[in-house]
Amino acid sequence: MAQGIQAVLGVGGEWLNDLSKTANASAGIPAQMQLGLLSPLYLRRLFERMGATYIKLGQFIASAPTLFPAEYVEEFQNCFDRAPAVPYDVIQSILREELQRPLYSIYEYIDPVPIASASIAQVHGARLKSSQKDVVIKVLKPGIEDTLVADLNFIFVVARVLEFLNPELQRTSLVGIIKDIKESMLEEVDFRKEAANIQAFQGYIDAMGFDRQAKAPFVYQHCSTKRVLTMERLYGVPLTDLDSIRSLVPDPELTLVTALNVWFGSLISCESFHADVHAGNLWLLRDGRIGFIDFGIVGRISPRTWAAMEVFLASFATEDYDAMASALSEMGATGNDINIDEFAKDLRKIFSSIQDLDTEIIVATARGPDATEVSANVVLDERQMNALFLDLVRVGESYGLKFPREFALLMKQLLYFDRYTRLLAPSMNMLRDERINISTNRQPRRTDLFQ
């Protein structure tokens, strides 16, 4: 409560200060300030001040354009998960408590300087004593789980009260949305779930014969718990580093084909798919394989949604907007009658703009002993990608459609891959290339979880 009051006072002061600057303006109060602290900008700032639960809630809002108003989704793209590092002696105490053994008996050393520090966890590099393997240790920050449970229970009760006071809110399934958020966030602080996601994905790679083409980090179970996750440390470069990729493999296009086949296959043949394939989580490893990193965010797609998604992808590749409209109508059906012809026309307008998305290529030249070496990197403009998807959601909602959240996750990953294609294989159509298998003619997965 004290943290909440302090956050409200701080952001409220910012709002009043900004309001005073516009008091003498003839244009009146800007639209983004008219709702006070409930306006997207100030609500995002408030969430960032209120700590881990609300930062994660903000990130959930940013990733769920099918559930929240577009202006909030757009603003919460800027919700940064940054937090001061926990002192190393605190991290050591957590490790001792969780592993129940002297740390020197497990690790040859642990780097006291963290690789990364976010609101929920902190990551340190280390080396195992027995095997001398390099690893990373992901440690849950102290008190985070209790804070999440308390905050989420409070939010759940508030949602219940609001639905009771205003029955109209029941139509928005507010309590159901909060329940889904709670389950998703509590899974993220149980590293046993992330370990299971990693192992399931590696199991899929092995079963499908992709083990020479891709890998996920190995999980060391003997030094992993609910609050500690010890994983193999992978070394490589992100798929946006074209210069480094060319130094590792002769054909960057084949690297992309491999990444696409492995990821598309997981939609069908794995219990879950990697739902955050931005450049920091998808690498070309030093041995030429594709490395999938960080399984904190995964998606699970129902057979019904995938059947519609498969038609959607095929129609997208062939620009058959009538078939696309039918597939999306099936996916987001709410019982309303849909004018497929009009819906198809609106979809054509949206997807014709995808070719206009800017891919900023940064080119740097450096003189080598024999020739000019050119390195290129691509800047992925997530604002443009999210704007495109928000347009799709808006049009769908105008026809009474409500798309499942996994559709949003899938679309975001496809847009990431579209950007990688523009850099690594600009002449390739990733949905029509014969080397890329998107069909369901694969080993069946466990669908009982998704019925």
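Buried means under 20% relative accessible area. The legends below use that cut-off for a predicted model.

**Figure 1. Thr255 in helix α10.**
T255 lies in helix α10, which spans residues 252-269. The relative accessibility of T255 is 6%, so T255 counts as buried. Apart from neighbours within four places in sequence, T255 is in contact with L239, V249, L284 and I290.

**Figure 2. Overview of the protein.**
The protein has 15 helices and 13 strands. Of its 451 residues, 48% are buried. Among contacts with a separation of 6 or more, 66% are made by residues 24 or more positions apart. A search of the whole structure for disulfides finds 0. C223 is buried, with a relative accessible area of 0%. C270 is also buried, and its relative accessible area is 3%.

**Figure 3. Helix α1 against helix α2.**
Helix α1 covers residues 2-22 and helix α2 covers residues 40-49. Their axes come within 9 Å and cross at roughly 145°. The crossing of the two helices is right-handed. On the α1 side, the residues that meet α2 are Q3, A7, V8, G10, V11, E14, W15 and D18. On the α2 side they are Y42, R45, L46 and R49. By class, this contact has 6 nonpolar, 2 polar and 4 charged residues.

**Figure 4. Surroundings of helix α2.**
In α2, 7 of the 10 residues are buried, so this helix is largely enclosed by the rest of the structure. The buried residues are P40, L41, Y42, L43, R44, L46 and F47. They pack against α1, α3 (52-62) and α4 (70-75). After α2 comes G51, which has a positive phi near 100°.

**Figure 5. Helix α11 against helix α12.**
Two packed helices are described by the angle between their axes and the distance between the axes. Helix α11 (residues 303-318) and helix α12 (residues 321-331) pack at an angle of about 165°, with axes 8 Å apart. Angles over 145 degrees count as roughly antiparallel, and α11 and α12 are therefore roughly antiparallel to each other. The crossing in which α11 passes α12 is left-handed. From α11, the contact is made by R304, T305, A308, M309, V311, F312, S315 and F316. From α12, it is made by A323, M324, A327, L328, E330 and M331. These residues divide into 10 nonpolar, 2 polar and 2 charged.

**Figure 6. Helix α11 against helix α15.**
Helix α15 spans residues 405-424, and its axis comes within 11 Å of the axis of α11. The two axes cross at roughly 35°, and α11 passes α15 in a right-handed crossing. The α11 residues in this contact are T305, M309, F312 and L313. The α15 residues are E406, F407, L410, M411 and L414. By class, the contact has 7 nonpolar, 1 polar and 1 charged residues. T305, M309 and F312 of α11 take part in this contact and also in the contact with α12.

**Figure 7. Ala408 in helix α15.**
A408 is found in helix α15. A408 is buried, with a relative accessible area of 5%. F389 is 19 residues away from A408 along the chain, and the C-alpha atoms of the two are separated by 7.8 Å.

**Figure 8. Two loop residues with positive phi.**
Most residues other than glycine have a negative phi. D294 is not a glycine but has a positive phi of about 65°. This residue sits in the loop between β10 (290-292) and β11 (298-299). With a relative accessibility of 31%, D294 counts as partly exposed. E319, likewise not a glycine, has a positive phi of about 60°. E319 lies in the loop between α11 and α12. At 53% relative accessibility, E319 counts as exposed.

Conventions. Residues numbered from 1 in each chain as written. Predicted model: local features only at pLDDT ≥ 70, side-chain atom pairs only at ≥ 80, totals over all residues. Heavy atoms only, no water. Disulfide = S-S within 2.5 Å. Buried < 20%, exposed > 50% of the residue type's maximum accessible area, 1.4 Å probe, protein only. Axes fitted to C-alpha atoms, helices over the stretch in contact; angles between N-to-C directions. Helix = DSSP H or I, 4+ residues; strand = E, 2+ residues; numbered from the N terminus. Parallel < 35°, antiparallel > 145°, perpendicular 65-115°, else oblique. Left-handed = near helix turned anticlockwise from the far one by under 90°. Contact = heavy atoms within 4.5 Å. Nonpolar A, V, L, I, M, F, W, Y, C, P; charged D, E, K, R; others polar.
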